[in-house]
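The exercises below work through helix packing, a sheet and an aromatic pair. Each task is followed by a solution in steps.

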Amino acid sequence: MAIQSINPATGEVLRTYEPLGEAALKGKLALAQQAFIDYAEIPLEHRALCMRKLAGVLDYEQEELAALLTREMGKTIVSARAEIAKCADCCRYYAENAVRILSEEPIPTERNNSYVRWEPLGVILAVMPWNFPFWQVFRFLAPALMAGNVCLLKHSSNVPQCALAIEALVRRAGFPRGTFQTLLIESRQVESVLSDERVAAVTVTGSEAAGRAVAAQAGWLIKKSVLELGGSDPFVVMPSADLELAVESAIKSRTLNNGQSCIAAKRFIIHDDIYEDFEARFVAGMEALVIGDPTKDATQIGPLATAQGLLDLEQQVEAARQSGGTILCGGERMLGLGNFYEPTVIAGVSRTSTVFRDEFFGPVAMIFRASSLSEAIEIANDTPFGLGASVWTKEPDEQKRLVSEIVCGQVFVNTIVASDPRLPFGGVKRSGYGRELSAAGMREFLNAKTVVIAEEVQQTEIPFDVPEAEADPKLTRGPFDSGQFRHAFSTALTESEQPVTDPDVRRRSRIRNTSGRASK
């Protein structure tokens with residue numbers, strides 16, 4: 001089946017691509033494996049230079065790339081520019097911090113020298129979603145490439161132009177051929193790619209169903225996997241909160257990226273004492289949002305990315321209505337071209353209904369009352385997901401309870417949940433496992449190799465001006481030969497019964513590691 005790029009604001013088919021055939025796919029896998037072997041010889045300083053250049057290209061071509069995001073995925077042009085800028089920031093973060101993250105970590109033990117060294121795993125497959133076509137990929141590729149891994153990207157089928165543009169950007173930045181490749185393949189072909197012995201690991205960002213399928217296969221193959229899946233993040237507001245700021249932030253969090261973000265707040269849990277005031281302000285703010293052409297700077301809400309996404313959202317809102325929910329605003333798709341849906345607020349959805357536990361991927365918010373902090377925490381945790389939470393209170397004791405008792409991967413106090421290259425990102429429960437970003441994200445696809453050296457062995461210098469009779473007849477002058485000198489060091493061993501290998505080789509290995517070369 002052909003892979004199509006469709007403008008979600010107009011329905012226009014922009015480009016059509018044929019999926020890779022079997023022979024072409026095998027060729028890309030072979031290229032990736034050879035690239036990993038060759039890339040291991042590239043010093044870390046050179047990788048950092050390429051990563052900084054990649055950041056510079058993103059900055060220089062921000063407008064052109066943002067326009068592509070808006071055309072193909074439908075995000076507003078303002079948010080598209082911000083996405084490209086964030087990708088550049090991520091590249092710079094890893095270029096500047098890779099030496100620190102990848103450095104050997106000494107560990108005190110009774111042995112002479114113990115440490116952990118970090119080594120790349122190899123070829124990593126990334127199955128990525130359409131909602132942040134660049135950012136989702138860059139937060140994987142930047143740490144992976146800096147660590148010495150190579151990348152295969154299976155992007156969502158509705159953003160092929162973005163996927164190809166990313167590969168071109170990486171090559172233009174100077175990274176060797178084959179270190180990052182886009183695979184224009186269908187979902188059914190992912191299984192064969194992951195099964196290939198040259199692929200060492202996989203990361204998935206997307207739906208729960210996609211995560212389950214890929215993780216099950218990776219587990220069967222005993223390959224490392226990282227999952228960043230859905231979320232139904234709570235947004236808890238207590239009476240001491242700055243209400244004006246909380247409402248403003250709630251609207252932003254729910255409608256960011258046209259409401260299509262895994263870390264967007266989706267369930268708004270408001271204390272009884274401020275519920276009516278919050279609800280009135282929140283509904284008024286959602287109704288005031290500007291919906292329309294995503295290429296215009298004034299537009300705040302653009303179309304949903306796909307026609308299927310629009311249909312799914314319609315069905316979810318209807319299910320909420322059937323379960324006792326009251327539509328406070330919106331609740332309908334917009335007439336005319338494109339996948340537009342009104343910003344919607346729903347109150348009174350039963351916590352026993354199926355839709356209460358769903359993830360709404362669009363500008364739809366559910367709002368709930370809580371009579372106490374304990375009830376607010378109970379509602380917040382009443383979900384199969386555990387990605388993030390935004391909590392609003394000025395009371396230190398309430399902050400401590402919310403941070404410690406809400407079960408999720410990240411809690412943001414008096415601000416909205418957001419990804420940041422400096423901070424680990426990921427969830428628990430059915431939101432996935434593993435982490436992206438920061439040192440933790442980089443190390444997900446590194447081998448933490450433990451090294452223990454029982455005793456340092458000092459090389460004995462044999463002066464070459466010693467008379468022949470005084471020198472050991474078994475030792476000859478000239479170039480250093482480890483075989484000839486091995487017996488000279490054997491008497492220094494006190495714990496090991498193994499022959500000592502060339503200490504000069506060991507020293508060179510350390511030098512190579514600290515200079516940033518990755519070992520295969």
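**Exercise 1.** In this predicted model, classify the packing of helix 2 and helix 6 from the angle between them, and list the residues in contact.

Solution. Step 1: helix 2 and helix 6 have axes 8 Å apart and pack at an angle of about 125°. Step 2: an angle over 145° would count as roughly antiparallel, and 65 to 115° as roughly perpendicular. Step 3: the crossing of helix 2 past helix 6 is right-handed. Step 4: helix 2 contributes K53, L54, V57 and L58 to the contact, and helix 6 contributes L169, V170 and R172. Step 5: sorted by class, the contact of helix 2 with helix 6 contains five nonpolar residues, two charged and no polar ones.

**Exercise 2.** Determine how helix 2 and helix 4 are oriented to each other, and which classes of residue make up their contact.

Solution. Step 1: the axes of helix 2 (residues 44-60) and helix 4 (residues 77-102) come within 8 Å, with a crossing angle of roughly 165°. Step 2: angles over 145° count as roughly antiparallel, and helix 2 and helix 4 are therefore roughly antiparallel to each other. Step 3: helix 2 passes helix 4 with left-handed crossing geometry. Step 4: on the helix 2 side the contact residues include L44, A48, M51 and R52; on the helix 4 side they include I84, C87, A88 and C91. Step 5: the contact of helix 2 with helix 4 comprises 14 nonpolar residues, one polar and four charged.

**Exercise 3.** Repeat the analysis for helix 3 and helix 4.

Solution. Step 1: helix 3 (residues 62-73) and helix 4 have axes that come within 8 Å and cross at roughly 125°. Step 2: helix 3 and helix 4 are therefore oblique to each other. Step 3: their crossing is right-handed. Step 4: Q62, E63, L65, A66, A67, L69 and T70 of helix 3 meet I77, A80, R81, E83, I84 and A85 of helix 4. Step 5: the contact of helix 3 with helix 4 divides into eight nonpolar, two polar and three charged residues.

**Exercise 4.** Give the strand order of the six-stranded open sheet, name its edge strands, and state which helices pack on the sheet.

Solution. Step 1: the order is 7-6-5-8-9-19, with mixed pairing. Step 2: strand 7 (180-182) and strand 19 (432-433) are the edges, each pairing on one side only. Step 3: strand 8 (residues 199-205) and strand 9 (residues 224-228) run parallel and are joined by five bridges; V202 stands opposite S225 in strand 9. Step 4: helix 1 (residues 22-39) packs on the sheet and touches strands 5, 6, 7 and 8, its direction making about 155° with that of strand 6. Step 5: helix 6 (residues 160-172) also packs on the sheet, touching strand 6 and strand 7, and its direction makes about 160° with that of strand 7.

**Exercise 5.** Describe the geometry of the aromatic pair W130 and F361, and locate both residues.

Solution. Step 1: a search of the whole structure gives nine aromatic pairs. Step 2: the rings of W130 and F361 lie 5.7 Å apart centre to centre, with 80° between the planes. Step 3: plane angles over 60° count as edge-to-face, and this pair is edge-to-face. Step 4: W130 lies in the loop between strand 5 and helix 5 (135-147), and F361 in the loop between strand 13 (344-347) and strand 14 (364-370), so the pair ties together parts that are 231 residues apart in sequence.

Technical notes. Residues are numbered from 1 along each chain as its sequence is written. This is a predicted model: local features need pLDDT of at least 70, side-chain atom pairs count only at pLDDT 80 or more; totals for chains, interfaces and linings use all residues. Side-chain values use heavy atoms; hydrogens and water are left out. Axes are lines fitted to C-alpha atoms, for helices over the stretch in contact, and angles run from 0 to 180 degrees between N-to-C directions. Helices (H or I, at least four residues) and strands (E, at least two) are DSSP runs, numbered from the N terminus. Angles under 35 degrees count as roughly parallel, over 145 as roughly antiparallel, 65 to 115 as roughly perpendicular and the rest as oblique. A crossing is left-handed if the near helix is turned anticlockwise from the far one by less than a right angle, and right-handed if clockwise. Contact means heavy atoms within 4.5 Å. Ala, Val, Leu, Ile, Met, Phe, Trp, Tyr, Cys and Pro count as nonpolar, Asp, Glu, Lys and Arg as charged, and the others, Gly among them, as polar. Two strands pair if DSSP finds at least two bridges between them. Rings of Phe, Tyr and Trp (its six-membered ring) pair if their centres lie within 6.5 Å; planes under 30 degrees apart count as stacked, over 60 as edge-to-face and the rest as tilted.
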